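Subject: Structure handover

Hello,

Here is the structure for your files.

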Amino acid sequence: MQISAKTDYAVRALLSLAAREPELVKIDTVVTEQGLPRKFVEAILGELRRAGLVRSQRGADGGYALARPSREITLGSILRAVDGP
């Protein structure tokens with residue numbers, strides 16, 4: 001199976017969040033840790049938030065975190081969130 005770069009980036013971003021679960025993680029941490037383009041990560045995290053896979057909090061102490069336990073997030077749900085059904 002071949003996955004898109006967008007899905008690859010989404011999985012990598014979620015892995016960064018899962019490693020720090022349940023803490024809030026700033027986008028800069030994900031970008032630096034995974035070596036991904038910031039604008040792309042911002043867009044992907046927005047899609048994952050709308051799909052209910054991540055939650056966000058605004059403000060100086062804000063960031064992103066998984067919306068549910070990592071064991072409940074499947075590769076299929078990530079694929080559907082960023083590439084459609």
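The notes below go through the helix packing, an aromatic pair and several loop residues.

Please bear in mind that this is a predicted model.

Helix packing

I start with α1 and α2. Helix α1 covers residues 5-19 and helix α2 covers residues 27-34. Their axes come within 10 Å and cross at roughly 115°. Angles of 65 to 115 degrees count as roughly perpendicular, and α1 and α2 are therefore placed in that class. The crossing of α1 past α2 is right-handed. On the α1 side the contact involves R12, A13, S16 and L17, and these meet V30, E33 and Q34 of α2. Sorted by class, this contact holds three nonpolar, two polar and two charged residues.

Next come α2 and α3. The axes of α2 and α3 also come within 10 Å, and they cross at roughly 120°. The two helices are therefore oblique to each other. Here too the crossing is right-handed, with α2 passing α3. From α2, the residues I27, D28, V30 and V31 meet R38, V41, E42 and L45 of α3. This contact of α2 with α3 has five nonpolar and three charged residues, and no polar ones.

The axes of α1 and α4 lie 9 Å apart, at an angle of about 125°. As a result, α1 and α4 are classed as oblique to each other. The crossing of α1 past α4 is right-handed. K6, T7, A10, V11 and L14 are the α1 residues in this contact, and L75, I78, L79, V82 and D83 are those of α4. By class, the contact of α1 with α4 comprises seven nonpolar, one polar and two charged residues.

Which residues of α4 are buried? They are S77, I78, L79, A81 and V82. These buried residues pack against α1 and α3. I78, L79 and V82 of this set are also listed in the contact with α1. Just after α4, G84 has a positive phi of about 90°.

The aromatic pair

How many aromatic pairs does a search of the whole structure find? The search returns one. The pair is Y9 with F40: the ring centres are 5.2 Å apart and the planes stand at 85°, so the arrangement is edge-to-face. Y9 belongs to helix α1 and F40 to helix α3 (residues 38-50), so the pair ties together parts that are 31 residues apart in sequence. F40 has 32% relative accessibility and therefore counts as partly exposed.

Loop residues

I73 sits in the loop between β2 (63-66) and α4 (75-83). Is I73 buried or exposed? At 16% relative accessibility, I73 counts as buried, because the cut-off for buried is under 20%. Setting aside neighbours within four places in sequence, I73 is in contact with L14, L53, L66, R68 and I78. Two of these, L14 and I78, also take part in the contact between α1 and α4. R58 is 15 residues from I73 in sequence, and their C-alpha atoms are 23 Å apart.

A51 is in the loop between α3 and β1 (54-57). With 41% relative accessibility, A51 counts as partly exposed. A51 and A81 are 30 residues apart in sequence, yet their C-alpha atoms are 5.7 Å apart. A81 is one of the buried residues of α4.

The loop between α1 and α2 contains E21 and P22. The peptide bond from E21 to P22 is cis, with omega near 5°. E21 has 34% relative accessibility, which puts E21 in the partly exposed class. Apart from neighbours within four places in sequence, the contacts of E21 are L66, R68, P69 and S70. L66 and R68 are also among the contacts of I73. The C-alpha atoms of E21 and D8 are separated by 20 Å, with the two residues 13 apart along the chain.

Regards

Technical notes: Residues are numbered from 1 along each chain as its sequence is written. This is a predicted model: local features need pLDDT of at least 70, side-chain atom pairs count only at pLDDT 80 or more; totals for chains, interfaces and linings use all residues. Side-chain values use heavy atoms; hydrogens and water are left out. Axes are lines fitted to C-alpha atoms, for helices over the stretch in contact, and angles run from 0 to 180 degrees between N-to-C directions. Helices (H or I, at least four residues) and strands (E, at least two) are DSSP runs, numbered from the N terminus. Angles under 35 degrees count as roughly parallel, over 145 as roughly antiparallel, 65 to 115 as roughly perpendicular and the rest as oblique. A crossing is left-handed if the near helix is turned anticlockwise from the far one by less than a right angle, and right-handed if clockwise. Contact means heavy atoms within 4.5 Å. Ala, Val, Leu, Ile, Met, Phe, Trp, Tyr, Cys and Pro count as nonpolar, Asp, Glu, Lys and Arg as charged, and the others, Gly among them, as polar. Rings of Phe, Tyr and Trp (its six-membered ring) pair if their centres lie within 6.5 Å; planes under 30 degrees apart count as stacked, over 60 as edge-to-face and the rest as tilted. Buried means under 20% relative accessible area, exposed over 50%, partly exposed in between (1.4 Å probe, protein chains only).
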